[in-house]
Amino acid sequence: MLILLLSSLGINSFSQEIAKKNYQITQIQNAPTIDGKLDDAIWQEGEWIDHFTQHEPYNGKEASQKSAFKLFFDADNLYVAIKSYDTSPDSIVKRLTRRDDPDGDFVGVAFDSYHDLRTAFMFAVSAGGVKFEQMLTENGDREDPSWDPNWWVKVGFSDEGWHAEMKIPFSQLRFEKESDGIWGMQVFRQTYRNNELDFWQHIPKDAPGLVHMFGQVSGLESIKPQKIFDITPYGIAKLETYKAEAGNPFADGQDAKINGGIDAKIGVTNNLTMDLTINPDFGQVEADPSEVNLSAYETFFEEKRPFFIEGANITTFGIGIGDGGVGNDNLFYSRRIGRRPGLYPDLADNEFAHVPVFTPILGAAKLTGKSSNGLSVGFIESVTAEGRAEIDDNGTRRYETVEPLTNYFLGRVQKDMNDGNTMIGGMVTSTNRWTDAVTEDYFHKSAYTAGIDFTQYFKDKSWMINVNAAFSQVNGTADAITRTQESSARYFQREDNDYTNYDPTRTSLMGSGGRLQVIRQKGHWTHLAVVLWKTPGLELNDMGYLRQADQLFNMYWGQYRVWEPKGIYRSWNLSGDYYNVLDFGGHLLGHGLELNGNMSFKNFWNFWAHANLNTNGFSNTILRGGPRMRTQGSSNFQYNISSDSRKKLYFYVYHNFGKGFEGSSKNLSLSAGLTYKPTNFMTVTFNPSYSKSFDELQYISQESYTSTTRYLFASINQKVLSASIRVSLNLTPDLSLQYWGQPFIASGQFEDFKYIDNQMAANYSDRFHVFTSNQITTTPDGFDIDENLDHTVDYSIGKPDFNVQEFLSNLVIRWEYNPGSSVYLVWNQTRNGFIENGDLNVGSDLDNLFTDKAHNVFLVKFSYRIGL
């Protein structure tokens, strides 16, 4: 959340010339004390600069409240003071939140210290004294909120309003040693009660970007770059308690561990910074949300580990479009590093195993930076340890590898030219594993990807062409590559697949993919045409993420936006798109239409809606290695209503419903959110959700019958009930307590078992045969099938019904006792339950979940930053 960056949504044609303001900064000898009082001598000298302009809601109009600022510098730091005058000082909203999560009035300053007109470093503070920072790249189109520099700020209040006093070390900024002393600069203020955002340097809403429109600060010729050198050792003490398992020597009910490591941030040159971590631990990071995944595809989880989040803007190389699904396709998916082990040992009845939950990261290094001539670089090198399962057989111990020792490397280079109108870059990744006899047939020995990207803007950036092209090669044993060919991303083994070469003897696989975008942005209108391609052999999942290869995706998208308040609304937009999908055999798999609308009202409520229609089509994947099959289309509608988030109590309601053609499927989802802020330092949120769905064709398994393969399916009725509870208590800007809990119950009941009879039949009901009561018999373990009614079991199906219960919770107390130095106290609890039936009964399910002893993790983490 950063209202400042709402301006980045207005990347439209801009023809007006706006005169750039200039601030002449003065060097001082005696530094002020950063106490939020503004009573030092330097703040009494010179002129306070005011004349701010509204960016939101009435772009270009005079700010409703006066703001003023001053800047000074010495050999080591920048000093900034911002006064926020207010005619109603009792209406200033000053809430305490966690760092980088501001709520209430705020002020800040952003510096384009490279003066490349594309990159900026932003420092801001709320009226509650909460810091938040961002690194802006690509002219403000991208933001990195994970960037956490070490700087100082205090706020104060008076009868005239409130003010902020900042000290920003030059070591936290990047700039050239020899420069003309001119930087880009923007000063901004948010008045929360009016949802008004004011800028010192006016930027029209239809401006083509953000950073290149900044004003200027001059007079910095004498400053010298200062290389950062921060070493942060840390120590961890951890205690785990859980239910003991009789006879299992690895589960006696309690484990204790002491660990430590080092994090470092080192300035290699004026513009290059290296981040290092040795034996990292991310025990304070919140767990992934619960889910039941019945698809053949891997779930994409968000990265939450700080080392991999910071600077992620330079290490990304996407070949997708939009959010989720195809939008996640990328050459780098950082969750691969330190992932869960890929194998689990095959145990005998009398054996027990201790298997690591995550693959240990021995160390990682990241080098990022940008030169004044527009060259951006990013490199990541990481080594993960061999994951070994310790297996006990009546006191005899052996070890089995479940994840090989692995080296990950990424290199990214991008060059800005022609005043930021031309960009060209490239990226390479490599994954190399030291496999053994156990792992060599399950993991690629090596995997490489390479990509090139090119972006060109035309006509004052009202036109943009972007091309990203990527190539991949994986190597391994014949069995390992066969697994890749047969994976859910491609299914080379399909009997009707006559356009790829399925070869079980091959030891390598190559492929390519990419994205071509053409964007036209003019005034209120934006148009986008995009083509995505992923050849059947493309494989990114060693270090990146690829949901499905063998696709050619075409889309046109258009949007109309209105941002000037009028009538009942503050702003609104309407957008729609048409798309189609083909495979590389030239078969049309499907096409669809989408329509989206959003309106923000003057009472600060918001409404959005989305509708989509998918036509009947074909699927290469529904039979999971079987031939192509006709599929039914569907329609879907969803909407969301949210109240004024400035209030102490606000809510949202979300509703989603859809239906497949000819009754093939249906779904209904309901969720709500309630947020309550009883005080300025406490926030409580409650987000319950419920969904139920029906699918007539849920994949079960494949069985051999006579000389054919039976693709077995069933109808499934699925229900999911969950809730997210979050409590944030912020005693000071540097001391916070956060709690998150999630109860989760999911059930699935299967019926009408069937096999696919004629997958290409034009009539939907002719594509499958539902077993009659004479053909299927219930057993204690599932079902026996007698297809030909000869009183002999032809094959059996295990009982697929499920009822999954899970409770996750995380309590974190965090104290940043000095910039960059912190203490964490963490309590993590996990509860799991499973019943082999498809009934969802909240009372009995919760009783089952909370009957057994939980798995608790108690952790203390202490870190101390040493700045040299």
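Visitor: So what covers the buried residues of H2?

Guide: Before anything else, please keep in mind that this is a predicted model. The cover over the buried residues of H2 includes strand S26, residues 463-475, and strand S27, residues 508-522.

Visitor: And which residues of H2 are the buried ones?

Guide: Helix H2 spans residues 478-485, and its buried residues are Ala 480, Ile 481, Thr 482, Thr 484 and Gln 485.

Visitor: OK, switching to the surface. Which residues form the nonpolar patch?

Guide: The patch is formed by Trp 605, Phe 607, Ile 641, Leu 649, Phe 651, Val 653, Leu 674, Tyr 676 and Phe 686, and together they have about 750 Å² of accessible area.

Visitor: Which strand gives the most to it?

Guide: That is S36, which gives 3 residues. Strand S36, residues 649-660, and strand S37, residues 665-679, each supply at least two residues of the patch.

Visitor: New topic: what order do the strands have in the open sheet of 5 strands?

Guide: The order is S2-S4-S5-S11-S10, and the pairing is mixed. Strand S2, residues 26-27, and strand S10, residues 152-158, stand at the edges with a single partner strand each, so one side of each has no neighbour in the sheet.

Visitor: How many bridges join S5 to S11?

Guide: There are 9 bridges between strand S5, residues 77-85, and strand S11, residues 161-169, and the two strands run antiparallel.

Visitor: Last one: what do S45 and S46 form?

Guide: They form a hairpin with 2 residues between the strands, and Gly 820 in the turn has a positive phi of about 90°. Strand S45, residues 802-818, and strand S46, residues 821-835, pair in the antiparallel sense over 14 bridges, and Ile 813 stands opposite Leu 825 in S46.

Visitor: Which strand do 8 bridges join to S46?

Guide: That is strand S47, residues 855-863, which runs antiparallel to S46. Here Trp 827 stands opposite Phe 858 in S47.

Conventions: Residues numbered from 1 in each chain as written. Predicted model: local features only at pLDDT ≥ 70, side-chain atom pairs only at ≥ 80, totals over all residues. Heavy atoms only, no water. Buried < 20%, exposed > 50% of the residue type's maximum accessible area, 1.4 Å probe, protein only. Helix = DSSP H or I, 4+ residues; strand = E, 2+ residues; numbered from the N terminus. Contact = heavy atoms within 4.5 Å. Patch = residues over 30% accessible without salt bridge, like charges linked within 9 Å, V, L, I, M, F, W, Y side chains within 5 Å. Areas by Shrake-Rupley, 256 points an atom, 1.4 Å probe, with all protein chains shown as cover. Salt bridge = Lys/Arg side-chain N within 4 Å of Asp/Glu carboxyl O. Pairing = 2+ DSSP bridges.
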